[in-house]
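Reader: I'm new to reading protein structures. Could you walk me through one, a feature at a time?

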Amino acid sequence: MKQIIDQSQKRGKADFIIQHAQIADVFNLRWRQGDVVVAEGKIVAISEPGEFEAEEIIDAHGKYIVPGFIDAHIHIESSMVVPKQFNRIVLPHGVTTVVTDPHEIANVAGKAGLRFMLQDIENVEMDIYYMLPSSVPGTSFENAGAVLTAKDLEEFVQHKSVLGLAEVMDFPAVLNGEKEMLAKLMLAQENGMVIDGHCAGLTSAQIRGYRAAGITTDHECVTAEEALDRVEQGMYVLIREGSAAKNLKAILPAVTMANSRRFAFCTDDKHLDELIEQGSINYAVALAISEGMDPLLAIQLATINAAECYHLVNKGAVATGYDADFIIIDDLKTMKARAVWKNGRKVAESGEILSPIPEKSTVERSILQSMHLTKLTIEDLRLRFKGNRANVIKIVPNQLITKRIEVEVDVENGQFVPSIEKDLLKLAVVERHHHVGTKAVAIVQGIGIQSGAVATTISHDSHNAIAVGTNDEDMLIALNALQEIEGGLVVVNDGEVIASFSLPIAGLMTDIPAEQAKQKLKKLHEGLHTIHPTLDYHLFLTLSFLALPVIPDIKLTDTGLFDVKKFRHIPVEILQSDQSH
């Protein structure tokens with residue numbers, strides 16, 4: 001501290017100075033002309049030219065310096081690479097800090113999964129902070145791989161990388177004041193931690209209950225009206241722009257100069273290929289600017305707002321006393337990082353990280369062997385009907401929400417027959433953690449594949465095996481292939497596996513280098529285009545959310561079709577007696 005104070009008072013040379021920069025002032029929303037003076041990993045001054053001395057002088061040539069971007073809510077597991085590889089693909093885009101919820105791996109591997117995620121961030125350049133999973137399992141009526149109680153979470157509370165309690169998804173448990181949920185909320189509150197929300201489809205009155213519980217954020221808004229309701233009740237709204245859920249354009253009209261400090265950006269879930277090609281928060285900032293938002297305001301949302309939301313007091317600004325996390329930007333429209341500094345050290349330049357490829361991650365055997373499907377037969381995938389009317393899951397493009405529709409379906413010999421013409425396909429979820437053997441089959445519209453089947457072990461949040469297909473035979477081959485590769489993603493056509501991507505770490509991630517993983521994903525997408533030639537959305541990510549029974553309107557778990565609004569299971573077939581009600 002004394003060294004930093006001395007440097008700020010010009011007693012000794014700074015480590016380096018970046019001269020001739022246009023500096024984003026996120027507090028006053030203006031551009032400052034000046035030099036950025038850095039010592040001991042901190043910004044010690046924003047000065048006039050020639051005012052300070054330094055070991056190194058860097059000329060910004062009038063380019064822009066903005067704070068390192070902060071992703072306010074992400075699941076690293078959705079990138080399909082481990083944290084140390086995630087660091088390498090996101091940091092070159094100027095994202096220097098992320099707040100992540102590891103509830104994906106926790107739902108598969110419990111405390112062992114949390115320990116792995118905390119261990120894998122040692123020696124990475126970027127700041128990766130964790131929120132402790134509140135919903136393992138996500139709900140009480142489906143089978144996940146683990147259970148985490150408040151007592152289980154206690155050992156992680158004091159870890160330097162833990163900030164709070166992750167998205168609270170089980171809203172009935174909150175609103176009914178259930179004992180275990182209260183214990184988790186109190187654990188966070190007693191330790192001065194932030195509590196994240198998950199308010200998909202909740203009414204204003206239900207939001208009141210969340211606020212009364214001390215929950216302060218929501219990333220599930222899909223309309224500007226929802227966002228304004230959250231802000232009025234004192235919440236931070238995390239504007240999501242990921243691979244499957246793209247809500248930024250719809251929510252942006254809610255942001256004004258008067259309320260902007262209550263908004264930040266997040267990705268929630270974004271796949272590896274898009275992270276490599278687009279980045280994450282930098283992409284959201286550029287998109288917001290293209291939609292008409294003032295660049296400084298967009299930068300403010302992506303930096304200081306997120307930092308203050310999560311009590312990161314030394315991050316989010318290019319100002320005296322703050323961590324020297326910043327980016328040089330050539331063009332405010334693209335937000336492409338020319339160079340990235342983290343804690344006063346240049347870590348990436350021209351889209352490339354400067355550190356060598358790290359050693360492979362150390363992973364417990366139990367996490368690497370998480371696939372325990374019971375033996376399946378064609379009979380397990382049959383969907384029997386007495387009539388021909390059904391409750392069907394209808395996909396909403398680029399959204400996590402779905403719609404429940406009632407449809408007349410094709411039935412032969414008392415069994416549902418998928419229809420490519422009507423885009424009514426079969427969907428199955430099968431428990432894969434403890435040989436429980438539960439399985440459920442339903443009907444989905446909007447997937448659009450023309451032949452074959454796809455399957456994956458990424459199915460939020462319990463991560464059972466999920467498959468969709470045009471015929472039972474290919475679906476069965478796809479599910480069995482998941483067992484053989486210890487989890488991952490599979491594409492099948494005409495009885496053959498035409499593409500697959502093994503994700504042996506909990507059936508969610510690989511530890512191979514990111515570029516290698518990208519090539520495998522490319523081949524997988526080529527396989528998808530074989531069975532869906534006009535594919536124009538993220539099929540696997542969309543599929544993975546069809547098993548999440550806390551996002552409206554209707555989902556499928558291993559225990560059956562679930563109406564999220566009514567919060568109860570419903571039958572697939574609509575019988576005459578059901579229609580009369």
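**Reading the model step by step**

Author: Let's begin with the parts list: the protein has 17 helices and 30 strands. Helices (H or I, at least four residues) and strands (E, at least two) are DSSP runs, numbered from the N terminus. This is a predicted model, in which local features need pLDDT of at least 70 and side-chain atom pairs count only at pLDDT 80 or more, while totals for chains, interfaces and linings use all residues. Residues are numbered from 1 along each chain as its sequence is written, and side-chain values use heavy atoms, with hydrogens and water left out.

Reader: What radius of gyration does the protein have, and what would a compact globule have?

Author: The radius of gyration is taken over C-alpha atoms, and the globule rule is 2.2 Å times the number of residues to the power 0.38. For 581 residues, the rule puts a compact globule near 25 Å; the protein has 24 Å, which agrees. The C-alpha trace spans about 85 × 50 × 45 Å along its principal axes.

Reader: How many of the residues count as buried, as a percentage?

Author: Buried means under 20% relative accessible area, exposed over 50%, and partly exposed in between (1.4 Å probe, protein chains only). Here 63% of the 581 residues count as buried. The protein exposes about 21700 Å², and carbon and sulfur atoms supply 48% of that. Those areas come from the Shrake-Rupley method with a 1.4 Å probe; for residues, only the protein chains shown count as cover.

Reader: Which residues is Ile70 in contact with, leaving aside its neighbours within four places in sequence?

Author: Contact means heavy atoms within 4.5 Å. With those neighbours set aside, Ile70 is in contact with residues including Thr97, Phe265, Ile281, Ala302 and Lys315. For Lys523 and Glu496, 27 residues apart along the chain, the C-alpha separation is 15 Å.

Reader: And how much of the contact total joins residues 24 or more positions apart?

Author: Among contacts in the protein with a separation of 6 or more, such residues account for 69%. Beyond its neighbours within four places in sequence, Gln399 is in contact with Val222, Ala244, Ala245, Lys246 and Asn247.

Reader: How many disulfides does the structure hold?

Author: A disulfide is a covalent bond between the sulfur atoms of two cysteines. To spot one, look for a pair of cysteine sulfur atoms within 2.5 Å. The structure holds zero disulfides.

Reader: What should I look for in the backbone angles?

Author: Most residues other than glycine have a negative phi, and most peptide bonds are trans. Now for the exceptions here. The peptide bond from Val136 to Pro137 is cis, with omega near 5 degrees, and Pro137 sits in the loop between strand S8 (127-132) and helix H4 (150-153). Another cis bond runs from Pro552 to Asp553, with omega near 0 degrees; Asp553 is in the loop between helix H16 (539-544) and strand S28 (554-557).

Reader: Where does His435 lie, and what is its phi?

Author: His435 lies in the loop between strand S22 (424-430) and strand S23 (439-445). Its phi is positive, about 55 degrees, although His435 is not a glycine. At 49% relative accessibility, His435 counts as partly exposed. Asp494 has a positive phi too, of about 50 degrees, and is exposed, with a relative accessible area of 67%.
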